[in-house]
Amino acid sequence: MKKELVVVIDFGGQYNQLVARRVRECNVYCEIYSYKTDLDKIKAMDPKGIILTGGPSSCYEEGAATCSEELFNLGIPVLGLCYGAQLMSHVLGGRVERAAVREYGRTEVKVDKTSALFADVSENTICWMSHFDYISKLAPGFRAVASTENCPVAAAECAERKLYAIQFHPEVLHTTEGSKMLYNFVRNICGCCGDWRMDSFVEESVKAIREKVGSGKVLCALSGGVDSSVAAVLLSKAVGEQLTCVFVDHGLLRKDEGDEVEAIFGPEGNYDLNFIRVNAQERFYNKLAGETAPETKRKIIGEEFIRVFEEEAKKIGAVDFLVQGTIYPDVVESGLGGESAVIKSHHNVGGLPDCVDFKEIIEPLRDLFKDEVRKVGLELGIPEKLVFRQPFPGPGLGVRIIGDVTAEKVRIVQEADAIYREEIANAGLDRSINQYFAALTNMRSVGVMGDERTYDYAIALRAVHTIDFMTAEAAEIPFAVLQTVMSRIINEVRGVNRVFYDLTSKPPGTIEFE
Ligand code: XMP
């Protein structure tokens, strides 16, 4: 049976991945494509609906992101959101202008309940606005179906052509009934039956992997992170011992993490697979000795990782498939999907050794968002601790030790970080803070402990709230919790006599220290 698809066309707005997630929450599969994507390519996908996202431009300006009129004549329902709504009006002969006042934030909107878009939505509802421009004249054939105090056309429709425009953002949670509006569009207006589900994902993936792999040999680089773990378990479920997982312990993992990964995936663990742990700690420390430049350290760690992995792969001999834990945001952010074409050096799309002898790459999670990957992980019976693990950078503690890395510094930051994590969990804050960790500053200072003068390191504590990890704010941790963490670190971790809490947001700071 053909999978139902809704296409999200990305005009560079900040909530675009959210739009896709909300659609998937309606059990409808959807993918994001840049507005530059050829219309024929979109047509060939035969989507049941098209959603145009927000974006930073003004549609009437020269060079602004645009789309062809033909898009609206395909007979496929189209929903424009914010910039997408303005663009639809502009392209179809309406007028869009700069508003006298910018409308921003929670706003009460009055909707026309006779519109299919607003079925079951309250007549007066709260929405999230963020726009300079507004639709000052409707395109021919359209009627306004929602308004706010400052915005006469908060939504418009041409129901005969199944074209809908919403000035606000139904995809963000502040729009209290936004999910309902998107549901109305994809399920009622586009007529999707909504058969995209995570449990069918596991079943279908296992089947597809078995068909593809046959009796072939599969190799997977396991990091212990959520994505590679879920990918590995999925493969193990599909092809059992045809799969070999190589786990490189580079000595820059968090305290006890190497053993935890081994306990889950190793011979005593729960899965049917071949597990190889490579203890390469010393190798990495030697390579890193004396190196202080952040990017060079990253490069050294990345390259050494590939060398170690290659050596192991050579021992195994030729394999047929290499597994990668690429997930959908990696694909989008690598410029292969949507419009936000920022290529981050730390995304692992296509990033594994080409000198390892394999025929094909398998990326079983390529279509999933992080929360969907987590759902799959739970479904596959992976321990919650691993499934809800916070993001951890590939170069590990290498980027959390400012300056040169030594085994001693790794010990210090591991112990401090373990205490910090334990106390955050004790305070019940572990699920509400998106990322938190201890880092070792390269600063030593004078202190006094007992009757002795000390000259020891300072630990920095970081904790951030973030949605997309592109921007972040320091989390407000109760002072008493910080004090407990501080006193435990100073008492229990040899070599530390000061603890700082980092208040910096991103930008201007980054989340990691290097
Ligand atoms: P920054 O420090 O850029 O981090 O604000 C944003 C997010 O990315 C993670 N991060 C990395 N992940 N390899 C990775 O796999 C890396 O080199 C790397 N550097 C940063 C970071 O932990 C945060 O979640």
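Modeller: Let's begin with a term: a crossing of two helices is right-handed if the near helix is turned clockwise from the far one by less than a right angle, and left-handed if the turn is anticlockwise. Keep in mind that this is a predicted model.

Now find helix H5, residues 198-213, and helix H6, residues 226-239. Two packed helices are described by the angle between their axes and the distance between the axes. For H5 and H6, the angle is about 65 degrees and the axes are 9 Å apart. Their crossing is right-handed. On the H5 side, the contact is made by Phe201, Val202, Ser205, Val206, Ile209, Arg210 and Val213. H6 brings Leu234, Leu235, Lys237, Ala238 and Val239 to meet them. Sorted by class, this contact has nine nonpolar residues, one polar residue and two charged ones.

Next, look at helix H8 (residues 281-288) and helix H9 (residues 294-316), whose axes come within 10 Å and cross at roughly 145 degrees. The crossing of H8 and H9 is right-handed. Here Arg283, Phe284, Lys287 and Leu288 of H8 touch a set of H9 residues, among them Ile300, Ile301, Phe305 and Glu311. This contact of H8 with H9 has six nonpolar and six charged residues, with no polar ones.

A polar side-chain atom of Arg298 is 2.7 Å from a nitrogen atom of the ligand. Lys506 places a polar side-chain atom 2.6 Å from a ligand oxygen atom. Ile511 uses its backbone instead, with an N or O atom 2.7 Å from an oxygen atom of the ligand. On its own the ligand has 490 Å² of accessible area, and the protein covers 85% of it.

Follow the chain on from Lys506, and the backbone has something to show you. Most residues other than glycine have a negative phi, and most peptide bonds are trans. The bond from Lys506 to Pro507, however, is cis, with omega near -15 degrees. The bond from Pro507 to Pro508 is cis too, with omega near 10 degrees. Pro507 is found in the segment after strand E18, which spans 496-501, and Pro508 is in the segment after E18 as well.

One last stop is Asp46, in the loop between helix H2 (39-45) and strand E3 (49-52). Asp46 is not a glycine, yet its phi is positive, near 55 degrees.

How values were computed. Residues numbered from 1 in each chain as written. Predicted model: local features only at pLDDT ≥ 70, side-chain atom pairs only at ≥ 80, totals over all residues. Heavy atoms only, no water. Axes fitted to C-alpha atoms, helices over the stretch in contact; angles between N-to-C directions. Helix = DSSP H or I, 4+ residues; strand = E, 2+ residues; numbered from the N terminus. Contact = heavy atoms within 4.5 Å. Nonpolar A, V, L, I, M, F, W, Y, C, P; charged D, E, K, R; others polar. Polar contact = N/O pair within 3.5 Å; in protein donor to acceptor, adjacent residues only side chain to side chain. Areas by Shrake-Rupley, 256 points an atom, 1.4 Å probe, with all protein chains shown as cover.
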